[in-house]
Amino acid sequence: MAQRRIARLRRERGSLYRGHEGQWSWIAHRVTGAAIILFLFAHVVDTALVGWGPSAYNRVVAVYHNPFIRLLELGLVAAVIYHALNGVRIMVIDFWPKASDFNRQLIYGTVGLFVAGMIPITYLIVKPIVVKYF
Amino acid sequence: MALDTGRPARPVHRDSLGTGLPYRAGRQPPRKGGEFWWWIFMRVSGILLLVLAVGHVLIMHVFGGGVDRVNFGFVAVRWQNPFWQTWDWLMLSLALLHGINGLRTITLDYVRRPGLRTTVNGAWMITGLVLFALGTIVVFTFNACRWPDISQALRIALHC
């Protein structure tokens, strides 16, 4: 049954890519990857400031303690977690090509794991901000 | 790092929708040459970064109080331990290579003019080299004890 459905889907649109979940996961992988590396450029420089002493480093790290920046931090953590989970999905398909037929299910699985992971992470990051400022 | 992969500047776009071609999700991996080794590297470094970068994010940003506790003293104590120095340096190296190779892939997709491609990818490469040098020097030469304005408690903690 599943075999016939897969055969039909493959006939209709190849083994699915454009305009489906696969494309959205590809876009998300790209956007999160680019965001992470561009942040890393800044992060290497701000961390390197420890070499310029406590006053220089503590001044720059105070930026990360700002509540608005903490929300961006949550976005960064989400980007890293999504990119990591989706990267695992890509590797599953790379090394076990048959998984390609279940790409859609794997993507929903990835998103499910991502959401499940982000619930406690969001709580842990947002709680100290709320406690401190409200 | 090869700046030009021989991919055509204006790639022929084949529609995978409704053609009946046996397309599978994702791209075919490159078979040989530099691109093949980058393909392998992205996967190997990806697995390592799964531990190093995700671990880093969870340790520094999620558990144990998050970024509020991070300051000069925190880093000074942490980098006294060769384990964390090695972790951070390995993560720096792999993340820069993995990330900049990703930016190179994106550049090859969207920047079509050959001269501009070389310039943009060259800029990523130089940025990566400078940050790698900066990070490496700081991780391995950092010595908190040489700063006179650190607290007495930190001085004792670091055995200055």
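Select chain A: residues 24 or more positions apart account for 69% of its contacts with a separation of 6 or more, a contact being two residues whose C-beta atoms, placed from the backbone, lie within 7 Å. This is a predicted model, in which local features need pLDDT of at least 70 and side-chain atom pairs count only at pLDDT 80 or more, while totals for chains, interfaces and linings use all residues. Residues are numbered from 1 along each chain as its sequence is written, and chains are lettered from A and ligands numbered from 1 in the order in which they are written.

Colour chain A by secondary structure. There are five helices and zero strands (DSSP runs numbered from the N terminus: helices H or I with at least four residues, strands E with at least two).

Next, select residues 21-48 and 103-133 of chain A, helices α2 and α5. Their axes, lines fitted to C-alpha atoms over the stretch in contact, come within 9 Å and cross at roughly 45°. The two helices are therefore oblique, the class left after under 35 degrees (roughly parallel), over 145 (roughly antiparallel) and 65 to 115 (roughly perpendicular). Show E21(A), G22(A) and S25(A) on α2(A), and N103(A), R104(A) and I107(A) on α5(A), which make the contact.

Then show V77(A), V80(A) and A95(B), the residues with the most contacts inside the largest nonpolar core, which has 21 residues. Such a core is a set of buried Ala, Val, Leu, Ile, Met, Phe, Trp, Tyr and Cys residues joined through C-beta atoms within 7 Å; buried means 20 or more other C-beta atoms within 10 Å of the residue's own.

Finally, centre on V80(A). Beyond its neighbours within four places in sequence, V80(A) contacts I36(A), A53(B), V54(B) and V57(B).

Technical notes. Axes are lines fitted to C-alpha atoms, for helices over the stretch in contact, and angles run from 0 to 180 degrees between N-to-C directions. A residue is buried if 20 or more other C-beta atoms lie within 10 Å of its own, exposed if 12 or fewer, and partly exposed in between; C-beta atoms are placed from the backbone.
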